[in-house]
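Please keep the sequence and the model in view while reading.

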Amino acid sequence: WYNAPNLSAARTDVGATSYNGYIYGVGGYTTSVQTTSQFAAVNNGGVGNLSSWSSKNTGIGSTLYSHGFAYSRGYFYLTGGDTSGGGAAATANTYYGSIANDGSISSWTSTSALGTARHSHGTYISDGYIYVVGGAAAGGSTISSVEYAAINSNGTLGSWSTATATLNMKQFASTTYNGYLYALGGTNGSLSTTVSYANVSG
């Protein structure tokens with residue numbers, strides 16, 4: 001591992017993703033919950049390093065951490081999250097934002113709310129749909145439900161539906177590959193070594 005330029009403030013539970021030569025980080029927790037989006041160019045100097053981070057307050061609508069953050073077809077998405085800084089609050093809000101000319105994320109716009117408020121969940125995008133899996137309710141109790149919505153061509157989300165499959169886990173790592181969703185580790189009262197997967201390709 002090599003050291004790259006530091007974030008503007010120490011923080012945990014940041015939403016992070018990448019697109020078109022930039023790394024993005026949104027929200028997170030220091031001694032208070034953050035609202036800013038940060039971005040930095042990748043491969044500065046051609047060796048994988050980053051440029052200095054730039055910050056922009058993009059109007060999430062509230063402070064946010066332990067939220068979902070993902071990218072698809074020209075838009076970034078935020079799902080759920082904790083607004084309290086201590087796991088005591090959960091939101092059902094979702095937002096989307098496009099990429100500005102300077103590489104930053106445009107102001108966030110609210111779109112279809114989740115059916116269940118949650119934080120510390122997995123957020124996946126696959127084949128034109130966004131999926132929100134598991135997580136925690138206000139106060140920290142584990143949620144097992146899975147919700148999904150179509151991603152419209154204008155960046156908005158369709159109405160959320162509840163899937164039949166469930167995953168009773170929070171604070172897990174999430175990724176997708178070739179039509180499958182994967183959940184690694186996490187906790188549902190005790191730390192887990194479990195790796196779970198689900199087919200969403202058809």
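Buried stands for under 20% relative accessible area, exposed for over 50%, and partly exposed for the range in between, with a 1.4 Å probe and protein chains only. In a regular strand, side chains alternate between the two faces of the sheet.

The model is predicted: local features need pLDDT of at least 70 and side-chain atom pairs count only at pLDDT 80 or more, whereas totals for chains, interfaces and linings use all residues. Residues are numbered from 1 along each chain as its sequence is written, and side-chain values use heavy atoms, with hydrogens and water left out.

The protein has zero helices and 15 strands. Of its 202 residues, 46% are buried. Its accessible surface comes to about 9900 Å², and carbon and sulfur atoms account for 46% of that area; such areas come from the Shrake-Rupley method with a 1.4 Å probe, and for residues only the protein chains shown count as cover.

Strands are paired if DSSP finds at least two bridges between them. Strand β13 (residues 173–177) runs antiparallel to β14 and is joined to it by five bridges, with Ala173 opposite Leu184. These two strands form a hairpin with two residues between them, and Asn178 in the turn has a positive phi of about 55 degrees. Five bridges also join β14 to strand β15 (residues 195–199), again in the antiparallel sense; in this pairing Tyr182 stands opposite Tyr197.

Another part of the chain holds an open sheet of four strands, ordered β9-β10-β11-β12 with antiparallel pairing. The edges are β9 (122–126) and β12 (161–162); each has a single partner strand, so one side of each is left without a neighbour in the sheet. The partner β10 (residues 129–133) pairs with β9 over five bridges, and Thr123 stands opposite Val132 there.

Where does Arg118 lie? Arg118 is placed in the loop between β8 (109–111) and β9. Arg118 counts as buried because its relative accessibility is 0%. A salt bridge requires a side-chain nitrogen of Lys or Arg within 4 Å of a carboxyl oxygen of Asp or Glu, and by this rule the count comes to one. Glu147 forms a salt bridge with Arg118, the closest N and O atoms being 2.8 Å apart. The pair links distant parts of the chain, since Glu147 belongs to strand β11 (residues 146–150) and the two residues are 29 residues apart. Glu147 is also buried, because its relative accessibility is 3%. Side chains of opposite charge can pair when their charged atoms come close.

Contact means heavy atoms within 4.5 Å. Leaving aside neighbours within four places in sequence, Arg118 is in contact with residues including Gly80, Thr91, Val132, Ile143 and Glu147. Among contacts in the protein between residues at least 6 apart in sequence, 44% join residues at least 24 apart.
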